Amino acid sequence: MIKVFEKGTATQLSKNFNSKEFDCKCENKECTTTLIDMEHLAKLQKLRNKLKRSIHITSAFRCEAHNTAVGGAKHSQHKLGTATDIKVDNISADGVANWAEKFDFDGIGRYNTFTHIDSRGYKAKWDNRSK
């Protein structure tokens with residue numbers, strides 16, 4: 001279920017996450033709301049509980065303009081509120097991706113410095129790490 005939150009407001013969503021962490025990182029004054037998939041959030045919280053380490057969200061919801069500015073995919077899950085790019089203290093990005101596979105995230109993208117996870121409704125995996 002997708003919920004809409006006012007951008008900039010830190011509504012507590014779970015034990016360890018609030019809505020402000022999912023806000024679009026743009027500075028566009030017209031970008032005033034944040035979409036968050038609450039089922040995705042629940043999986044993210046379960047992953048946090050298991051790892052017993054802080055999860056840092058580097059990118060979550062993106063408005064259309066910001067998604068374009070950062071080179072996001074045309075049909076990015078970030079625009080729907082169903083995706084997060086994360087880093088976890090003292091676990092490599094590859095290690096985080098391995099853990100994410102155990103928590104039934106649909107999309108898992110491997111990058112050098114972060115892990116993309118999403119709840120798109122079908123399985124997708126990719127590896128964008130530089131060799």
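Student: Which residues is Met-1 in contact with, leaving aside its neighbours within four places in sequence?
Tutor: Met-1 is in contact with Ile-36, Asp-37, Met-38 and Glu-39. Contact means heavy atoms within 4.5 Å. This is a predicted model, where local features need pLDDT of at least 70 and side-chain atom pairs count only at pLDDT 80 or more, while totals for chains, interfaces and linings use all residues. Residues are numbered from 1 along each chain as its sequence is written, and side-chain values use heavy atoms, with hydrogens and water left out.
Student: Is Met-1 buried or exposed?
Tutor: Exposed, with a relative accessible area of 59%. Buried means under 20%, exposed over 50%, and partly exposed in between, using a 1.4 Å probe and protein chains only.
Student: Now the rings. How many aromatic pairs does a search of the whole structure find?
Tutor: Two. Phe-17 and Phe-22 have ring centres 6.3 Å apart and planes at 70°, so that pair is edge-to-face. Rings of Phe, Tyr and Trp (its six-membered ring) pair if their centres lie within 6.5 Å; planes under 30 degrees apart are stacked, over 60 edge-to-face, the rest tilted.
Student: Are Phe-17 and Phe-22 buried or exposed?
Tutor: Phe-17 is buried at 1% relative accessibility. Phe-22 is buried too, at 3%.
Student: And what about Tyr-111 and Phe-114?
Tutor: Their ring centres are 4.4 Å apart and their planes at 10°, so the pair is stacked. Tyr-111 is partly exposed, at 21%.
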